[in-house]
Amino acid sequence: MPLIDIQLIEGVFTPEQKKTMIEKVTVAMVAIEGEAMRHVTWVRVQETGSGEWAIGGKPLTAAAVKAMAAAR
């Protein structure tokens, strides 16, 4: 029974985006393990508060992530 954790910064993704992540990750895993395992494939979204996640010693905020995404 696989358990897939998705770690996110709180406030970056909408509930609909998180729902889509869960669905697509499940589909990808079932493609590998087989359809019979769908009902025991768990996906868990865990959110860390904005500014409580750091890269290179610098806190990363939801606003900074949204700005990076908008710059694309």
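## Overall form and the setting of E47

The protein has a radius of gyration of 15 Å, whereas a compact globule of 72 residues would come near 11 Å (the radius is taken over C-alpha atoms, and the globule rule is 2.2 Å times the number of residues to the power 0.38). This is a predicted model, in which local features need pLDDT of at least 70 and side-chain atom pairs count only at pLDDT 80 or more, while totals for chains, interfaces and linings use all residues. Residues are numbered from 1 along each chain as its sequence is written, and side-chain values use heavy atoms, with hydrogens and water left out.

Along its principal axes, the C-alpha trace spans about 45 × 25 × 20 Å. Two helices and four strands are present, and they follow one another in the pattern β-α-β-β-β-α; helices (H or I, at least four residues) and strands (E, at least two) are DSSP runs, numbered from the N terminus.

E47 lies in strand β2, which covers residues 42-48. Its relative accessibility is 35%, so E47 counts as partly exposed, a class that falls between buried (under 20% relative accessible area) and exposed (over 50%), with a 1.4 Å probe and protein chains only. Beyond its neighbours within four places in sequence, E47 is in contact with L8, I9, E10, G11 and K18, contact meaning heavy atoms within 4.5 Å.

| Pair | Distance |
|---|---|
| E47 and K18, side chains, polar contact | 3.2 Å |
| E47 and K66, C-alpha to C-alpha | 15 Å |

A polar contact is a pair of N or O atoms within 3.5 Å; within protein, one must be able to donate a hydrogen and the other to accept it, and residues adjacent in sequence count only if both atoms are side-chain atoms.
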